[in-house]
Amino acid sequence: MAARLTLHDVNLHFGGITVLKDVGFAVEPGEIVGLVGPNGAGKTSLFNCISGHYKPSSGSILIDDEEVSGAPPATLARHGLARTFQHPALQLHASVLDNVVLGSHARLPGTPLSWALRLPGTSRAERAMRAEALDLLDRVDLRWAATHHADELSHGLHKSVELARALLMRPRLLLLDEPAAGLSHGEVGRFIETVRRIRDEQDVTIVVVEHHMGVISAVTDRVVVLDHGRKLMEGTAAEAQKDPRVIEAYLGKDAADDAA
C-alpha cells in the first residue's frame, strides 16, 4: 500500500549556514509530487534528509504516522522507502540483471554466513529474486539487456537499471533524483510513461526532483517549489510556471514583473 509522507518544519544547518528553513508539506498515498527550484534551492539536501543520508537539525519527517527523522537508510528501507540517485552507482562490469539484484539483499532471508555458504534456502530465495528482477526489467523495457554488462549501456539506460533496482525493494515511497538528466527525447517520453505506469500498477507514492519542466508537467500531480531552502509555493506545475514568485526565483525580478 502506498505510503503517506509528511514533513513538518524541517530545518537543516551546516555550521552557521542554513540549508533548509521550516520546510513542510505532505504527499498523499499514490501521488506523484515534483520537488523543483533553481540551483541551490535545497532540493537535494531535502531529499537527503528524507532518505536518511542527512539528519535534520530540527523538525519531523513521517512515513504514514511514524516518525523517521534521522533514521538510517537501512531502517527507512524497512518502512518501504527506496531512492534513485542523479548519478547511478552501477557495477559496470557486472550484468544488468546482477546490478538489479544487487540492491535487494535486505529483503532476503538468512545471514551473511548462510549466503556465503550458499545454503539451500538462500539459493531458492535468490532464484525467486532474480525472476522478479527480470519482470521488473520488462517493466522498464530492458529485459533484452539482462545479460549485458552495465558498461555496454548508455547513461540514460543506467537510469532505468537503477529504477528497476529500486523497485525490487517493493517500495511504498519512491524518491527519484534527476531521473531524466542525460536522457534523449525518446527516452524522456518512455520514462514519463514508465513512472505513471509504475505508480498505477505498484501502488507507490513518488517524489521526484527534476529540472526538466516538461517531465515535471507531464508526470506530476503537484509540485513543491523551493528557493534558498524555503518552500516558496505548492500547486500544479501549470500554477507554478505562472506564479510570479517562481518566475522571479528562476529568472529574476524583471521577468516576474513582466509576467505579472
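This is a predicted model: local features need pLDDT of at least 70, side-chain atom pairs count only at pLDDT 80 or more; totals for chains, interfaces and linings use all residues.
Visitor: At 18% relative accessibility, does Arg 222 count as buried or exposed?

Guide: Arg 222 counts as buried, at 18%. Here buried means under 20% relative accessible area, exposed means over 50%, and partly exposed is what lies in between, with a 1.4 Å probe and protein chains only. Residues are numbered from 1 along each chain as its sequence is written, and side-chain values use heavy atoms, with hydrogens and water left out.

Visitor: Which side chain meets Arg 222 in a salt bridge?

Guide: The general idea is that side chains of opposite charge can pair when their charged atoms come close. The rule used here asks for a side-chain nitrogen of Lys or Arg within 4 Å of a carboxyl oxygen of Asp or Glu. For Arg 222, the partner is Glu 234, at 2.7 Å from N to O. The two sit in distant parts of the chain, twelve residues apart, with Arg 222 in strand β9 and Glu 234 in strand β10 (residues 230–235). Through shared partners, salt bridges join Glu 31, Arg 222, Lys 231 and Glu 234 into one network. As for accessibility, Glu 234 is partly exposed at 33%.

Visitor: How many salt bridges does the rule give?

Guide: The count comes to 15. One of them runs from Glu 28 to Arg 4, whose closest N and O atoms are 2.8 Å apart. Glu 28 lies in the loop between β2 and β3 (32–36) and Arg 4 in the segment before β1, so this pair ties together parts that are 24 residues apart in sequence. Both ends are partly exposed: Glu 28 has a relative accessible area of 33%, and Arg 4 one of 30%.

Visitor: What does Asp 221 form a salt bridge with?

Guide: Arg 196, with the closest N and O atoms 3.8 Å apart. Asp 221 is in the loop between α8 (213–219) and β9 (222–227), and Arg 196 is in helix α7 (residues 185–202), so the pair connects parts 25 residues apart in sequence. Asp 221 is partly exposed at 30%, and so is Arg 196 at 27%.

Visitor: In what order do the strands of the open sheet run?

Guide: Helices (H or I, at least four residues) and strands (E, at least two) are DSSP runs, numbered from the N terminus, and two strands pair if DSSP finds at least two bridges between them. The four strands here run β2-β1-β4-β5, with antiparallel pairing. At the edges are β2 (17–27) and β5 (66–67), each pairing on one side only. Seven bridges hold the antiparallel pairing of β1 (residues 5–14) with β2; in one of the bridges, Phe 14 has Ile 17 of β2 as its partner.

Visitor: How many aromatic pairs does the rule give?

Guide: One. Rings of Phe, Tyr and Trp (its six-membered ring) pair if their centres lie within 6.5 Å; planes under 30 degrees apart are stacked, over 60 edge-to-face, and the rest tilted. Phe 14 and Tyr 54 have ring centres 5.4 Å apart and planes at 90 degrees, so they are edge-to-face. Phe 14 belongs to strand β1 and Tyr 54 to the loop between α1 (43–50) and β4 (58–63), 40 residues apart. Phe 14 is partly exposed at 40%, as is Tyr 54 at 30%.

Visitor: What volume does the largest pocket have?

Guide: About 390 Å³. On a 1 Å grid over the protein atoms alone, a pocket is an open set of points where a 1.4 Å probe fits, with protein on both sides within 12 Å along at least five of seven lines; lining residues have an atom within 4 Å of a point. Of the 16 lining residues, Pro 73, Leu 81, Ala 82, Arg 83 and Phe 85 are the closest to the centre. α2 gives the most to the lining, with four residues.

Visitor: And what about the second largest pocket?

Guide: That one has a volume of about 270 Å³. Its lining has 18 residues, and the closest to the centre are Val 140, Gly 156, Ser 160, Glu 187 and Phe 191. The largest share, six residues, comes from α6.

Terms used: Grid points are joined across faces, edges and corners, and a volume is the space filled by probe spheres set on the points.
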